[in-house]
Every structure is written in C-alpha cells, then in structure tokens.
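Please look over the sequence and the fold below before reading on.

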Amino acid sequence: MKRSGKPGTVLAASLVALALFTSYVAFDTFVIPRAYAKTTAQVQAEGTEAEDGEQDTETAAYTAEDTEAVNPSSLDGVSAVSAKTYSDGNVSITVTTCTWQDTTLYVADVTVSSADALKTALADGTYGKNVTETTSDIADEVNAILAVNGDFYGARDLGYVIRNGVLYRDSASSGQEDLVIYADGSFSVISEDEVMAQELLDAGAQQVLSFGPGLVENGEISVTEDEEVGKAMASNPRTAIGILSDNHYVFVVADGRTSESAGFSLYELAEFMQSLGCTTAYNLDGGGSSTMVFCGEVVNQPTTNGSTIKERKVSDIIYVG
C-alpha cells in the first residue's frame, strides 16, 4: 500500500507548529499586557481628567534630612553607614543604610499615626497580567513617601490578591503562604490551603500579598537554613516587611549580585528581620525587583545580573503615604 505524504515533512511541520505555540504561550505569559480591572483611585483620576481636560499631577513636596546613623540591629557585625529621616506629624520614617555579611541593606523604620497610611498600589492603577511599571514610577503616581516593590502578582495565575480592601483574585495556590495586613494594621501569615480569600476579606483584610514565605512568626524565625524561593540563588537581592508593634513597621531591602554587595539567603534575611525586633516578617519579591524609594529617590542599587544598575518593572508596590 502506498503511503501518502513524507514523514520528514510532517515531522518538520509538527516541530514548527510546536515551536510557534510554545513561543506564543511564553509571549502571552510574560509580555502581552492584559488589563482586568482599574483601581478605584485610577478610575477617579481618569474621571477628573475627563472633567478638567487634563489630570492633576501635582505631588507633595517630601524632604528627607540627614541624621545620625544608629545601628538598627542587635546582630553582631552590623555597621551603620548613613541615615535620613522624614516626619510630618502623621508619619515618621528613618531610612538607615548599613552593612552585614558583606551585604548592603536599607532599613526603613516607619511609625504612623493610623494604619490607613500603609497602602498598596498597582502598576498603571490597573489589576491585570503583565501590566508593569518601575517601583519609582508607581510611587510617584500615588505620592508615596516610602515604597518598596510588592509580590509581582502579575507574573502568576494563582495566589490571592487583595489590595486596599478590594478582592481581585481568589484562586488559591497550594502550599502558598501569604501576608495579611488587616484594617487595624496588624499582620498575620496564612496558608492559602487553610482559608479562602473571601474569608480573609470578611475578617478585615486590607492587603493580601502572595509571595513569601513568612520569615518571622511570633518573634521566631520560621524558615530553615536551606529553604529558598523556587530556583532562587542562595544569595539574592531581597525585599521584606515586618511589624514591630502597633503602627510601627520596618521595610528592608538588601542589595545583591554585585561586587559591593553579596545578597542574602532567606535564613539570613529572617535573622536580620528578627534582630530588628519583628514579631511578624514576610519575604516579598526579590532579585531584580528589589527596590526602595524614599522621598522620590531610589535609595538602593537594584540589579538583575549585577552588571547593570537598573529598576525592573513590577506589578505592584507597598507604600506609606
């Protein structure tokens, strides 16, 4: 019986089709932006623009002043280099640059008069996939006094997303640990296997960040010495947030992957957060995303590969403002 077609031709066509499909999936996952919802603030801003013909871009004039650098940690070997402060009666922030374990850290000690000052913001004021801006651009848009990168929710299809009291995504990721920030400003670390997003919202969750893991719980380190995030290297740029007491928080960014700053393992980051006095501390997106902005300036050295100091575009930020 005569066979129709050439096996080699069919195989080649199949391989080409597979390659094109794989390329499309990768492009759709990491490149093509898809907007799903605007935040309330963005809708209001666009309404103002439509009424007035142009959007009001006036921003508050924040000023950081130099102050005496004090060792922010109880760990041996921490050396404080410099410090800057900001205070307006409702918010008090001191950002200290220090070194430990061949790593440069930026520690923001934050006291607020109301938990309402602790907020999150999305890139372009939009919840979506591959909608990104730099941390500094998002911070500028919301007049943030202090900001760090968030959990980069837009790079994943699963994991709870609650921002400023709005539930955007309720699809759970098995084994995922989230940071919950409640309306009263308190923190807790939860497992998505054990509670639904709507239950968290009903309990007063204002922010739910889905990256992790938790670093410190009840004042004790909650990661092991060999624990890591996915396929991350042991020493990385890192971003973390912790709570010290009521309305008293700490934001930490560690530089890494450069000749000047090695970076941290998760356990080292947990040690540092515990030494600051955190009762709860949580690991946010790190690597090239790790960025801290204070009074309109990027204070750290964000990098993906160490050869170029440049901000990575991200999905979201946590900020004080």
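Lys 38 stands opposite Thr 126 in β7. The model is a predicted one, in which local features need pLDDT of at least 70 and side-chain atom pairs count only at pLDDT 80 or more, while totals for chains, interfaces and linings use all residues. Residues are numbered from 1 along each chain as its sequence is written, and side-chain values use heavy atoms, with hydrogens and water left out.

Strand β1 (residues 34-38) and β7 run antiparallel and are joined by four bridges; two strands count as paired if DSSP finds at least two bridges between them. Strands here are DSSP runs of E with at least two residues, and helices are runs of H or I with at least four, numbered from the N terminus. In a regular strand the side chains alternate between the two faces of the sheet. Along β7 (residues 126-129), Thr 126 and Gly 128 point one way and Tyr 127 and Lys 129 the other way, and all are buried, where buried means under 20% relative accessible area with a 1.4 Å probe and protein chains only.

The protein contains five helices and 23 strands. Nine of the strands form an open antiparallel sheet in the order β2-β3-β4-β5-β18-β17-β19-β15-β16, with β2 (65-67) and β16 (220-221) as edge strands that each pair on one side only. Helix α5 (residues 266-275) packs on this sheet, touching β4, β5, β15 (214-217), β16, β17 (238-245), β18 (248-254) and β19 (280-283), a contact being heavy atoms within 4.5 Å. Within the sheet, β4 (residues 91-100) and β5 (residues 103-112) run antiparallel and are joined by 10 bridges, and Thr 97 has Tyr 106 of β5 as its bridge partner.

The buried residues of α5 are Leu 266, Leu 269, Ala 270, Phe 272, Met 273 and Ser 275, and just after the helix Gly 277 takes a positive phi of about 100°.

Over the whole protein, buried residues make up 46% of the 321 residues.

Notes:
Buried < 20%, exposed > 50% of the residue type's maximum accessible area, 1.4 Å probe, protein only. Axes fitted to C-alpha atoms, helices over the stretch in contact; angles between N-to-C directions.
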